[in-house]
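User: I am new to reading protein models. Can you walk me through a helix and some charged pairs?

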Amino acid sequence: MIMFRSVLALFSIFGNFIMAGIICSVANKRILQMLKDPMMLKHIAAFHGRARIGNRDVVGFGMNGEYSYIDRVDYPMPAIRFRENTAESKALREKEKGDWKKLTLEEKKALYRHSFCLTFSEQRAPTGDWKYMIGGTLAFAGLVLWAFYLLKKFVYPPLPYSITPEHQAKMLDAMVALRVDPIDGLTSKYDYENKKWKD
């Protein structure tokens, strides 16, 4: 009996390995098939690998580990420099390894602009985009109001007679006369002896 169980356990382990191999081979075939899809190739080509950053230096991890440049206040250190290396920038970078007091203000600015596109104050400067957002929202609200007005005037039928205040007053009188829901409903608040509503 023990021998039978051990043989059965070996067969089940062997079967699991075979199933895992089949699943892996099917998955590999599906992955290869997906890689032939032009949309998938487009996404792969859009990945900013080292081959796509040109002659820029990789200087850190960046926002998400990709080799891309983005100006953000919450991630102030992009993964790559803003500009590609040139003979001037290489000479300036060699000069910056020395005494910074020997650098002119223009050279310091050029070094900064080689690594970064915008300063923090430029990133935080008001752009005026809020004007477009508020203007677009108000324009959309105006269009909606005009559409509602035109629909009400030309598309919707007139309101039924039962919505008028005169008809509603007659319906209330009829409900009181019929004593509709006298225990805890509408007519429970009406005094039938004095012919008036209770206070």
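Predicted model: local features only at pLDDT ≥ 70, side-chain atom pairs only at ≥ 80, totals over all residues.

User: Which residues of helix 4 are buried?

Analyst: Start with the general idea. An α-helix has 3.6 residues a turn, so residues three or four places apart point the same way. Now the case here. Helix 4 covers residues 105-115, and its buried residues are E107, L111, H114 and S115. Viewed down the helix axis, they fall within an arc of 95 degrees, so they line one face of helix 4.

User: What do the buried residues of helix 4 pack against?

Analyst: They pack against helix 3, residues 87-96. The face turned away from the buried side carries L105 and E106, which are exposed.

User: How many salt bridges are there?

Analyst: The general idea: side chains of opposite charge can pair when their charged atoms come close. The count here is seven salt bridges. One of them joins E84 and R56, at 3.7 Å from N to O. Both residues sit in the loop between helix 2 and helix 3, so the pair ties together parts 28 residues apart in sequence.

User: Is E84 buried, exposed or partly exposed?

Analyst: E84 is partly exposed, at 38% relative accessible area. R56 is partly exposed too, at 26%.

User: Where do R93 and D57 lie?

Analyst: R93 is in helix 3, while D57 is in the loop between helix 2 and helix 3, 36 residues apart. Their side chains form a salt bridge of 2.5 Å, N to O. R93 is buried, with 19% relative accessible area.

Note on methods:
Residues numbered from 1 in each chain as written. Heavy atoms only, no water. Buried < 20%, exposed > 50% of the residue type's maximum accessible area, 1.4 Å probe, protein only. Helix = DSSP H or I, 4+ residues; strand = E, 2+ residues; numbered from the N terminus. Arc of directions from axis to C-beta. Contact = heavy atoms within 4.5 Å. Salt bridge = Lys/Arg side-chain N within 4 Å of Asp/Glu carboxyl O.
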